[in-house]
Amino acid sequence: MKLPLKYIALLVILSLAGVFAYQAYWLTSLYRTQRSEMEKDIREALRTSDYNEMIARVRRMQNDSLAQAEVTVSTGYDDERAFTKTHTIRSVKHGDTIRVSIWEHSVKDTVPAPQAALQADIASILFENKSSTAELASNFQQGLHAAMDVLSDPDFAVFDSLLATELHRIGIRAPYRLMYLHRGSTADSSYTFTDTLNVKTTGGYLPSPKAITYDYSYDRHGNWLYRLTLEPIESIVLTQMAGILTASALILVILGLAFGFLIRTLLRQKTLEEMKSDFTNNITHELKTPIAVAYAACDALLNFGTGTNPAKRERYLHICQEQLRRLSGLVEQILGMSMERRKTFRLHVEAFPPEEVIAPLIEQHKLKADKPVGITLRIEPEGLAVCADRTHFGNIVSNLIDNAIKYSPGEARVEIRCRTENGWFILSVRDQGIGIPHDKQRHVFDKFYRVPTGNLHDVKGYGLGLYYVKTMTEKHGGTVEVKSEPGRGSEFTIKLRMKHEK
């Protein structure tokens, strides 16, 4: 069972909408994931820069003038027993050499029970709800920070330089502001800092109201804090996704064009099917008419004794001849349409005077017309020749003359003119008939097309004549055009090269 075209179009549109919706959902999810990862990378950049700043301080201490210094941080507790885990940072001067060392050792079962309880409380603070190695490492880094800060204060300039490098590494080259804050001794747990120790800002950068802040506290109590201020990272994420977005947009455009072409093809096929149906109905009627008339004339000759009457016999024979000529013309045009599609189709081009073909056609159309016909032929200059296939050139002119007569109410007055212009042979056929509406003129050369005339069917045809004219003219390398005004007539103009190019 064939689906109606509107249902096919609806299915195609729904499919395209589904593809678009899924693509939009996937891109939105990817954007959110990328944004979340970017925020994690920013916070990790703060932590990494802090760690690298401590390492830089350790290396700098090797050149300091300290004779000897040692700081020990001890923490530790497990489910079975109390123990002490010691992290030691020591700087010792031997002559002109200073050695800085960091090591760790543990001593178990050495803590008295009361102190063990205290150690357990400390351990619970340090390790409570820590579900990942990263959090444990961060906790250790805070303890190490406390030890290092006893020997030397954090170097904010070094931290800023390291942070800029880390931000560039993760693809962030936007301006930023970095602040070094200290809350001081207060019972208030809010992040209202009482002292700003240092500020670094990219030249000329002033944070907007939409700017986002990222805080990193390197001590357990949150008294010391680095605060990074950046503009919203949406544009950075979108820039990093530019390749995916471009590819997705290109795919969607291709899909849209493909589906649009599919819908257009379906509509054209439907139109072509309707045109073929109309052609079948028209050609059936056109073929039946001459067959029926010729059959009736032959039947009269055979069965009603009209063969003994010379006048009636001649009249009926002329009727048969005329109808068979009409039938032959129909068949020839249909065959011509099929032949022009064959790959082996070739034009037999020759140079000949146009009046040799046009003059006999004028006489034929005058004789067979059922109305008064006046046809004039003008050729300028005399002796003009055209390069074309004689047979098909004659068919082109015959179709144009036939249309001019058929669509002229009352007496048909047709003017045929041949001339040259800039290396072109120009043939024009002008009538004073009913004309063609402006919105229908671009369709008159379409296959099977006939200009709608409402409920009037006084002009017979099947929409192949002008299509044949256009096709054969283009086969000759020429062009055809029409100028028409409703109620004032039409003019068809054929342009062919004076010399045929193979």
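Modeller: Arg57 and Glu53 are both buried in this predicted model. The two residues form a salt bridge in which the closest N and O atoms lie 2.9 Å apart. Both belong to helix α1 (residues 5-61), and because they are four residues apart there, about one helical turn separates them.

Another pair is made by Asp215 and Arg227, whose closest N and O atoms are 2.8 Å apart in a salt bridge. This pair links distant parts of the chain: Asp215 lies in strand β6 (residues 212-217) and Arg227 in strand β7 (residues 224-230), twelve residues apart. Asp215 has a relative accessibility of 34% and therefore counts as partly exposed.

A further salt bridge joins Asp439 to Lys440, with 2.9 Å between the closest N and O atoms. Asp439 is partly exposed at a relative accessible area of 48%, and Lys440 is partly exposed at 21%. Over the whole structure, the search finds 16 salt bridges.

As for the cysteines, the number of disulfides is zero. The closest cysteine sulfur to that of Cys320 belongs to Cys298, at 3.6 Å. A disulfide requires sulfur atoms within 2.5 Å, so the sulfurs of Cys320 and Cys298 are too far apart for a bond. Cys320 is buried, with 7% relative accessibility, and Cys387 is buried with a relative accessible area of 17%.

Technical notes. Residues numbered from 1 in each chain as written. Predicted model: local features only at pLDDT ≥ 70, side-chain atom pairs only at ≥ 80, totals over all residues. Heavy atoms only, no water. Buried < 20%, exposed > 50% of the residue type's maximum accessible area, 1.4 Å probe, protein only. Salt bridge = Lys/Arg side-chain N within 4 Å of Asp/Glu carboxyl O. Helix = DSSP H or I, 4+ residues; strand = E, 2+ residues; numbered from the N terminus.
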